[in-house]
Amino acid sequence: MLGSAVLNSRQHIGLQRVSALAETVRSSVGPNKKYKFIQDDTSGESVLVCSCFRIIESLEPTCAVGQLVLETVQAHHKVYRSGSGCLLLLAGAWSRAALDCLHRGISVTNIISFMSEGMDICLDVCKESTVLFEDLAVTGRRTAAPRGVEKTFTEAPQGSRHMQRATKSDDMTPNMSVRRKTKLSRHFCETTLHLDEPDVPGVSHAAEMLSHGCEGSMKLVVEAFQLQSKKNQELRNPMFDISKVMTCVLPGLPEGRACVLHGCVVLLSHEQVSVAHQIKERRLKVAFINGDLTHTYRHLGFKKPPGVQPVSERSVPSGSSKEDEWLEKVVEVFLSLEVNLILTTGLACESLIQTCCRHRILLVERVNSPALRLIANSSGALPVTYPTQLSEHCVGTGVQIFIWTDLSSYGRKPAAAVNISTGGGVGLVTAVITSCVDGKLQALEDQFWACAHRLHHALKDRVLLPGAGATEMLCIHHLQKAAERHSQADADRAQETKTGTAAGLHRGHVLQLMADGLIDYITTVTVNAGRFSAVEARTVVSRQLQNFHRDQIMAGKFSQLALEAEGDASADKTPAARIYDNLSVKQEAWRKALDLVFLVLQTDAEVITGTGRKGEDNLMLL
Amino acid sequence: MSRLVKKSPSVCTDLPLDNADICNKLRLMRELLGSCYGPTGRLKQIHNNIGGRVVTTSSSSVLLPAIASSEPFVNLIRTSILHHVRRFGDCGLFAAIFCLSLVEQAKQSGLRAKAVIRSNEHLASLCTDYLKQGGCGCKVKLDLCSGRDLVALARSVVSSKPACVLTEPECVHISRLAVRAFLLTVPCDTPGSVSLGQTVRVSVEGLPVTHSAVVPGLLVDTAEDVYLSQPCSLPHPLVLFSASLAGDLSELGDGLIEVHPRVDSDSQVLSQLLELGNQVVRDGVKVFVCQKVIHPVLQLYLTSHGVTVVERLGVTLMEPLIQLTGAQPVATLHSAVQPTAYGQVGGLSVRRFGSKTMLHLQACGESAICTIILCHRNETMLNELKVTCQKAEHVLRLALREPSALRGGGCTETHLAAYSKSEVPALGRGCSQTEYLRAAEAFCRSLESVARSLEHDGGTSTIDPTHAHRWTRPSDVATERRGVGAGCCGCGSLDGRETWTSAEFPPADLLRDASVQPGVLDSFTAKLNALQVAVETANLALDVRYVIRDVN
């Protein structure tokens, strides 16, 4: 049986739901986030969340539209790890815009075509107001300017031209002025190549501008980046390979202990620690196992025959059980290969761990499988599925372990964090994230990944957008200008012919509503920054916009907006400490928000299959 | 203890079309499907009552299987349309709307069912004969030598699915890809009977649509660290297994097996596997593919001997791989591999799309296998895009058999309606002239109502008497007329400058200006069949006297 509920009328329920869901994250948009408790009334469990993504994920929306929202946000989060709040808030704001359009009798087809037009305007603005990453990096490191910088100068005019076109006042463009300063700098003229300098020029400085309020996490990310780039001396085109970055969360230590290490970090139990102490800082022979180390384990896809029955004419003396036999065999293999360290992605049975400890073999369970693969590659080993498969050429060498910290705890808690490092050029780094508060670890880990992805995408895009609302302001300006133009053109036409269509009027209206959505976003971010109330923020934003309309000031001035709002502390910061956003993250978040609105806007009915029960009166049954 | 329960008697519904409940359900189904029709159609969210995955779609191939009804009478119509969709891939919504409104109109007219059935049969054969004629006003010859017509045909399919959420350039890009993929599946120089190859669709979430691409050969999912055999000697011999090489006894099926406790069946199967591997390596095989799981020990053995291993290929990729390489799938591990079973691979490389790592297998010589990589921003839209591309491919293949297309955008329907009205009634048995005229009127109204279903924003549809094309006047005056000049008709071959004069059939000849190709094209074969299916199904539905249900 099947029911079908009609969603669409002028009161589009779907759009209202998107808008309502978006409201739940309103107070968490922007760099200043407050922690929230989400409590499940039925189970009594609660969770401490910080980011917009975690909020919407923990809320587990069950309605069809909610699922669509969650799916969109998850897809975005998987790739970018930031910008979910922006996506949600804009989806909400634009849903309201679409609802408003429906109220005014604008057809769905037209709403879609006009809104896509608005999106094109915004994306063009983004493209034109980009700033080259190198330019920002230069502002940070004027002194040691290796080869990469010279290339920047040849490329720079291109970047600045974008800037000029967009702003019409090159003199005040910060990167221009900074560049001029750099040119005159005597350091620059005397520059010799500092190739031994591990830091890629200015990345740490640029990263600071991308931290969006998570300075601590960004510091870790920069450390990770520097550790990684020490290995590959690719200074011209630095990349941050986040697939080779791992995290390890350690509760119970103060946040200040967070750091970044080569290789991977694992937690060991008490008796394993003593083995680790015996073999630490030596070059070890190591074996890698993909899977569990138990005698019943079979590889994925292996089906046990269902009806196997052992039969024999007389009872076989069962001297030793199968497990003991297996254990003996495995240990024998380990000993004959003289391995000291075994890493496995799965679990190992307790008796094997004990036996290994006795033979001074350290067996580490639950190693992240990409990490295992990277370490195996660098030590020249081949990961295998069964320990019996191990042979001389599967075993790697050169892996070292270091005791990072002794946690000296009791019971079943891990007793030490041990760093397993190859010391070789795989570039695998691990960020150890610590906090005394257990519930905060998830948020800190999220922050770390958000920062890591921001830096990764900045290096990949090679351009950045002026942040703190500057780009949005520019988009609003262009949208409003376009809206005015259409309304004006239409008014003229109407005067001439008296039969002019309202097309321009409607188009202008839709564009204006889109701009309002962006204003809503900036206002929310400003309010969340904490210095202004909602009304004040609105006033500030509209004053800025008016100024902008009047004398077309450069985009840079807008960035002051959110900085101003951040409080006095930032007022005395150097002008170089500005905020920047990722181009790809912003573009994708906007586009996905609009996709979501379009999908929901065009949906007019929900088809529910399998409704056997009565009682859903509002459903039409087929 | 056994207990007997009396069987309850069957329930019989007399004249199902007089039943208000059934009529309501039919009307609901027509509204549901009608609101999905065309490029501005509305979408439906499908999920089950316990909150399963939500599918957002407007295509008949996804919608029809989902809307199973409790009423066998409704299901009769649904399944018959579904069969058309499975066979022809396109025009499912057309068939459904047409069929349901034929039933509804017949009901409203109050005519005898027999008379309506007879007239419908007559009118349908009239229409199909007319469509098959050379001089038919709504048929357009397709020029298979130029890509333009094919792209236009593919574009009509792609743009009619709003759930893909494509912008104009993206729509063009996907249409071009669909045509390119189709052309790659047409073998170049095969003498004798030609059989088309296959397109494999791979979807990648999170990349922009414009990153979608078509590559000749096959892309198969593989592990991140796949071992590539050295390109020392091309082509590489390949072996393909359809049997599981996991080392288990799954082939034995169910039932009890008695074994001696000392017998280690696992290691015996494994040694069998290794023997197989040994033979394959001796025969110089460089690529080892298995539909199912390969035992890790065998994998290690093979890679250490320089063989590229692909496991878990999946059943859907077996056929294309067989076509690509000429290999015979080996179904057992208990006998040696026949030398004739080996296939060949022309090229081998690793390609990355977003988060996916794929092994690219190319054919040795000519091959009609290609892979289309579809990228989109989210899963919902990607799924719809996949369905749409499949549909486009189907339509293009149909065009190869019959290189013509019908004018889209509702113009064919209005044209056919005008044609049917103009034809002199041929009196048949059991149907009076008045009855025929009224039935014909209902038939034409149904055709026109299909054309009208294309409009969802409350605009009014009009039919011009000169060419019998469909025009829309938007409800909100804001609508910018699409196309050139002051708007054009549904299929895009006429613009508003033409003056409407005569009201006679045959409508004014469009062929005088052959350069004007309609912008919207429908598949000829699919639509013709849809028309027949709709009429036949409607006739059957009208003919049903009793519905008898066993309610036990």
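Okay, let's start with one residue: Asn120(B) sits in helix α5 of chain B, residues 113–132. Quick note on terms: helices are DSSP runs of H or I with at least four residues, strands are runs of E with at least two, and both are numbered from the N terminus.

Before I go on, this is a predicted model, where local features need pLDDT of at least 70 and side-chain atom pairs count only at pLDDT 80 or more, while totals for chains, interfaces and linings use all residues. Residues are numbered from 1 along each chain as its sequence is written, chains are lettered from A and ligands numbered from 1 in the order in which they are written, and side-chain values use heavy atoms, leaving out hydrogens and water.

So, is Asn120(B) buried or exposed? Its relative accessibility is 2%, so Asn120(B) counts as buried; the cut-offs are under 20% relative accessible area for buried, over 50% for exposed, and partly exposed in between, with a 1.4 Å probe and protein chains only. What does Asn120(B) touch, if we skip neighbours within four places in sequence? That would be Leu102(B), Phe443(B), Val535(B), Asn539(B) and Leu542(B), where contact means heavy atoms within 4.5 Å.

Staying in chain B, there's an open sheet of three strands, ordered β4-β16-β19, with antiparallel pairing. Two strands pair if DSSP finds at least two bridges between them. At the edges are β4 (139–141) and β19 (521–523), each pairing on one side only. The twist averages 45° from one strand to the next. Strand β16(B), residues 404–407, has three bridges to β19(B), and Ala405(B) has Ser523(B) as its bridge partner there.

Over to chain A. Strand β12(A), residues 396–406, pairs antiparallel with β8(A), residues 284–289, over three bridges; Leu284(A) is partnered with Val399(A). β12(A) also runs antiparallel to β13(A), residues 416–421, with six bridges joining them, and here Asp406(A) partners Ala416(A).

Last up, two helices. The axes of α1(A), residues 13–23, and α3(A), residues 64–80, come within 9 Å and cross at roughly 50°. Those axes are lines fitted to C-alpha atoms over the stretch in contact, with angles from 0 to 180 degrees between N-to-C directions. The two helices are therefore oblique to each other: under 35 degrees is roughly parallel, over 145 roughly antiparallel, 65 to 115 roughly perpendicular, and the rest oblique. Who makes the contact? From α1(A), Gly14(A), Arg17(A), Val18(A) and Leu21(A); from α3(A), Val65(A), Gly66(A) and Val69(A).
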